[in-house]
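Here are some notes for a colleague who is opening this entry for the first time. Please keep the sequence and the model side by side while reading.

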Amino acid sequence: MKYFVIVNPISGRGLGEKSVPAIEEQLRKAGVEYILVRTERPWHAADLAEQAAREQYDVVVSASGDGTFNEVLNGLMRARKAGFNHAALGVIAIGTGNDFAGGVGIPDDFEKSMGALLADKRKKIDIGLVSGGDYPEGRYFGNGIGIGFDAAVGFAALQLRFLRGLPAYLIGALQTVFFYYKPPRLRIELDGQVIEQYSLMVSIMNGQRMGGGFRMAPDGQPDDGQLDLCIAEKAGKLRIFQLIPMFIQGKQAGQPEIKMRRARQVTVTALEGDFPAHADGETLCIAGEKLTVNLYPAELEVICG
């Protein structure tokens, strides 16, 4: 098989570049035919992934975190829409959150992540498409969409240059509690059901976790044909502090502010105010008014843990 490895050199606070010699050593030891390319600009990973799929590489590997993975995913999906369906997706988890990797069973540990890639165990997973905000034409995602508080936490965590993983997002959450003010009133439509409320956040999950360890959808599976939603009503600062440990443990279900739902199609509209949102950690909008999310079951083959 031929592997096309895409490395974001600044991923994981520079861990991407530091990992290149070890990645190449492991691939050579395994006797793998490969090419390794570093990204140089935003959306470069998407262009590289699409090119690799069109050139009939067997596996396109994202050696990075969730942001570069999302670009690679979008490149592969563009190629698939053009009829180039041969390439599978692989991930070496060396980013800040690695939430998609965790959702498909790939460990954060570098050696184990490489072991999973070379073991070549595969399954087909569902892929989501979100339209709206800065992407009216749509952007694909593999792990999840965060709207409101969730997105604001991710944006804050990105500013913490010397931390990665759950600690960065925990500090981001603490910072966000003090500056994320009045939640918007949202209309949330999911498979015909309608919820209208002031919402602190709406997490629309294909995987299980966000922020390196917040288990928004502890029962979520990326191959079950359903999106898992975690919808939180507005809450005071003290109550948010009480809820944070529950999200880390995945025990928020049953709390009075929390609704857990499942759906194939979701539309979120701001009735009052607006909202920030992200897809797999990448900004969808800062002041969004409407997002529409659709799920495509068993859409892409992934090398999993």
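Is Cys230 buried or exposed? The points below begin with that residue.

1. At 0% relative accessibility, Cys230 counts as buried, where buried means under 20% relative accessible area, exposed over 50% and partly exposed in between, with a 1.4 Å probe and protein chains only. This is a predicted model, in which local features need pLDDT of at least 70 and side-chain atom pairs count only at pLDDT 80 or more, while totals for chains, interfaces and linings use all residues. Residues are numbered from 1 along each chain as its sequence is written, and side-chain values use heavy atoms, with hydrogens and water left out.

2. A search of the whole structure for disulfides, meaning pairs of cysteine sulfur atoms within 2.5 Å, finds zero. Cys230 is accordingly in no disulfide, and the nearest cysteine sulfur, that of Cys285, is 19 Å away. Seen from Cys285, the closest cysteine sulfur is in Cys230, and the 19 Å between them is too far for a bond. Cys285 is buried too, with a relative accessible area of 3%.

3. The search for aromatic pairs finds three; rings of Phe, Tyr and Trp (its six-membered ring) pair if their centres lie within 6.5 Å, and planes under 30 degrees apart count as stacked, over 60 as edge-to-face and the rest as tilted. One of them joins Phe4 and Tyr57 edge-to-face, at 5.2 Å centre to centre and with 75 degrees between the planes. Because Phe4 lies in strand S1 (residues 2-7) and Tyr57 in the loop between helix H2 (44-54) and strand S3 (59-64), this pair ties together parts that are 53 residues apart in sequence. Helices (H or I, at least four residues) and strands (E, at least two) are DSSP runs, numbered from the N terminus. Phe4 is buried at 3% relative accessibility, and Tyr57 is buried with a relative accessible area of 14%.

4. Another pair, Phe69 with Phe100, is stacked, with 4.0 Å centre to centre and 15 degrees between the planes. It links distant parts of the chain, since Phe69 is in helix H3 (residues 66-81) and Phe100 in helix H4 (residues 99-103), 31 residues apart. Both Phe69 and Phe100 are buried.

5. In helix H8 (residues 237-249), the buried residues include Arg239, Ile240, Leu243, Ile244 and Phe247. Just after H8, Gly250 takes a positive phi of about 75 degrees.
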